[in-house]
Amino acid sequence: MSIDDHVRRLLPEGCAYMCSAEQDTTDPHLIVQFAEGVRVQAGDIDLRSPHPNRIIYANDPPNRELVISDELGPALRRASVFMVAGFNVIQDEEVLEDRLARIRTDIAELPAGALVFYEDSGFHVPGLNLRVRDRLVDVIDVFSMNEDELQAYVERPVDLLDADDVLRALDELAAIVPASTTVVHTKYWSLARGVRADEVRAGLVGGITMASTRYVVGDGFTADDYARVATLPVHPGGARVAETLESAGPRGGAVPALVCVPALVLDVDLPTTVGLGDTFVGGFIAALARGGLA
């Protein structure tokens, strides 16, 4: 992975880190953020954004190699939560296979009871996501994705405010990604379905609150901002879906446990739309690290 003085400056004071890079490099992405209602006209193009979003032009050569530090395995012997991510940028199949074999070896160093969290992403080479699924699904406790990745797996649009359609999509997803627990995070709700769903409710709340705080405040938010955003009203459509999904069937047995938390009502003129998925994951893991698994 890449690192430089700018990255080190941004790390929280006292934060321990490891990096496989042998020298400093600077590899910035280009990310275009836009608000709802922005219009683009050029020639025969006439587009208007239906909601705030962003476009990412990735530039990450070190991530394409994803060299894994020799320090990782020994460090994991003391870990309670471990997040796996970043394979989506790799474009060489041999490199991917090598890194997957290596990460499986490192995961084996975790103590009993530790939780392995995998965040799926948009893969630069279509189909390699299935290679990662096949090699890691048996050692991952939580397989997480956003609404775009859900719809890519099931190969159809999903009405996120229709609980029946969401349940159908979750059943379709389970046939494609047989993870023990699946997390799906969207702009209306976030859910966990599977054997550890009940254990990670606090993670869903933490992820929603952290991502919402970034959306409302931007990069420089504080703990007070986080606490304030946590008190915002829940999204009514998301709340209806969450209530329906949680009451859809009994816990355990043939019906997997399902926990769903509604998103918050976020009404701001200039939202931050960059890094929300990463921030959700950070909030999810931070909540579990603070309070432990349920």
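Reader: Leaving aside its neighbours within four places in sequence, which residues is Ile140 in contact with?

Author: In this predicted model, Ile140 touches Val116, Tyr118 and Ser180, once neighbours within four places in sequence are set aside. Ile140 itself sits in the loop that joins helix H5 (128-136) to strand E7 (142-146).

Reader: Is Ile140 buried or exposed, and how do you know?

Author: The relative accessibility of Ile140 is 4%. Buried means under 20%, so Ile140 counts as buried.

Reader: What makes Val32 partly exposed?

Author: Val32, a residue of strand E1, has a relative accessible area of 38%. Since buried means under 20% and exposed means over 50%, with partly exposed in between, the value of 38% places Val32 in the partly exposed class. The C-alpha atoms of Val32 and Ile140 are separated by 33 Å, and the two residues are 108 residues apart along the chain.

Reader: Which residues form the nonpolar patch on the surface?

Author: Val32 belongs to it, together with Leu30, Ile55 and Tyr57; the accessible area of these residues together is about 370 Å². Strand E1 (30-34) and strand E4 (53-57) are the elements that give two or more residues to this patch.

Reader: Why is the phi of Leu66 worth a remark?

Author: Most residues other than glycine have a negative phi. Leu66 is not a glycine, yet its phi is positive, at about 45 degrees. Leu66 lies in the loop between H2 and helix H3 (72-76). With a relative accessible area of 7%, against a limit of under 20%, Leu66 is therefore buried.

Reader: What is the phi of Glu155, and is this residue buried or exposed?

Author: Glu155 also is not a glycine and has a positive phi, of about 60 degrees. Its place is the loop between helix H6 (147-154) and helix H7 (163-176). Exposed means over 50%; at 72% relative accessibility, Glu155 therefore counts as exposed.

Reader: How do you know whether the length of helix H11 agrees with its number of residues?

Author: Helix H11 (residues 276-291) has 16 residues, and at 1.5 Å a residue it should span 22 Å. Its end C-alpha atoms are 22 Å apart, so the two values agree.

Reader: What do the buried residues of H11 pack against?

Author: These residues, among them Phe280, Phe284 and Leu288, pack against strands E5 (81-84), E6 (115-119), E8 (181-185) and E9 (189-194), and against helix H8 (201-217).

Reader: Where is confidence lowest and highest?

Author: Helix H2 (residues 61-65) is lowest, at a mean of 82, and E8 is highest, at 98. The protein averages a pLDDT of 91.

Conventions
Residues numbered from 1 in each chain as written. Predicted model: local features only at pLDDT ≥ 70, side-chain atom pairs only at ≥ 80, totals over all residues. Heavy atoms only, no water. Helix = DSSP H or I, 4+ residues; strand = E, 2+ residues; numbered from the N terminus. Expected span 1.5 Å × (residues − 1). Buried < 20%, exposed > 50% of the residue type's maximum accessible area, 1.4 Å probe, protein only. Contact = heavy atoms within 4.5 Å. Patch = residues over 30% accessible without salt bridge, like charges linked within 9 Å, V, L, I, M, F, W, Y side chains within 5 Å. Areas by Shrake-Rupley, 256 points an atom, 1.4 Å probe, with all protein chains shown as cover. Salt bridge = Lys/Arg side-chain N within 4 Å of Asp/Glu carboxyl O. pLDDT = per-residue confidence, 0-100.
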